[in-house]
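This briefing is for a reader who has not seen this structure before. Please look over the sequence and the model first, then read the notes below.

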Amino acid sequence: MSRIDRTYHLTLLGLALVATALPFFLAIDAGGRVAAGGLQVPGFCLSHDVLHTPCPGCGLTRGFVRIAHGDWEGAWRMNRLAFAMFLVLALQVPWRLWVLTARPKLGPREERLLGAVPRLLVAALVLNWIWNATHGWPI
């Protein structure tokens with residue numbers, strides 16, 4: 001494995017660990033905002049802040065926090081794809097550890113299949129966003 005590949009997999013492993021572990025240390029305050037230790041975490045959605053329109057990923061952070069605290073219905077209300085995104089991120093941890101330690105040789109078919117997953121998730125986010133735009137925003 002090249003140094004660039006190793007750095008790539010380590011970076012994705014770190015991001016997946018943070019994205020799936022951090023929600024367990026966060027909460028949703030009475031105003032529906034993400035909070036850490038009683039302090040509100042500032043929002044960071046440029047689409048929401050500038051255009052006053054939710055982006056395809058709006059609600060994922062709050063959905064992850066609700067998943068971490070067992071509020072399945074609340075997670076669904078935040079973003080219908082919160083479960084799928086959380087699952088894919090959680091599966092990145094064992095996958096990246098395996099790739100970093102076993103260094104498997106994947107064929108073109110496996111590479112195409114693995115490359116399809118993020119594309120399908122992005123397509124699902126956009127379709128969910130279109131649904132929300134035409135049927136009303138859940139959040």
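This is a predicted model: local features need pLDDT of at least 70, side-chain atom pairs count only at pLDDT 80 or more; totals for chains, interfaces and linings use all residues.

Residues are numbered from 1 along each chain as its sequence is written, and side-chain values use heavy atoms, with hydrogens and water left out.

**Largest pocket**

- The largest pocket holds about 1,600 Å³ of space; a pocket is an open set of points on a 1 Å grid over the protein atoms alone, with protein on both sides within 12 Å along at least five of seven lines.
- Its lining has 50 residues, and Ala19, Leu60, Phe64, Met85 and Leu89 are the closest to the centre; a lining residue has an atom within 4 Å of a point.
- H1 (3-21), H2 (46-51), H3 (60-68), H5 (82-102) and H6 (108-135) each supply at least two lining residues; helices are DSSP runs (H or I, at least four residues), numbered from the N terminus.
- By class, 33 nonpolar, nine polar and eight charged residues line this pocket; Ala, Val, Leu, Ile, Met, Phe, Trp, Tyr, Cys and Pro count as nonpolar, Asp, Glu, Lys and Arg as charged, and the others, Gly among them, as polar.

**Helices H1 and H5**

- The axes of H1 and H5 are 8 Å apart, and the packing angle is about 145°; axes are lines fitted to C-alpha atoms over the stretch in contact, and angles run from 0 to 180 degrees between N-to-C directions.
- The contact of H1 with H5 has 14 nonpolar, three polar and two charged residues.

**Largest cavity**

- There is one cavity of 30 Å³ or more; in a cavity a 1.4 Å probe fits but cannot get out.
- The largest cavity has a volume of about 80 Å³, the space filled by probe spheres set on grid points joined across faces, edges and corners.
- Of its 13 lining residues, Cys58, Met78, Asn79, Asn128 and Asn132 lie nearest the centre.
- H6 gives the most to this lining, with three residues.

**Two residues**

- Asn128, in helix H6, counts as buried because its relative accessible area is 9%; buried means under 20%, exposed over 50% and partly exposed in between (1.4 Å probe, protein chains only).
- Beyond four places away in sequence, Asn128 touches Asn79, Arg80 and Leu81, where contact means heavy atoms within 4.5 Å.
- Phe83, in helix H5, is partly exposed at 30% relative accessibility.
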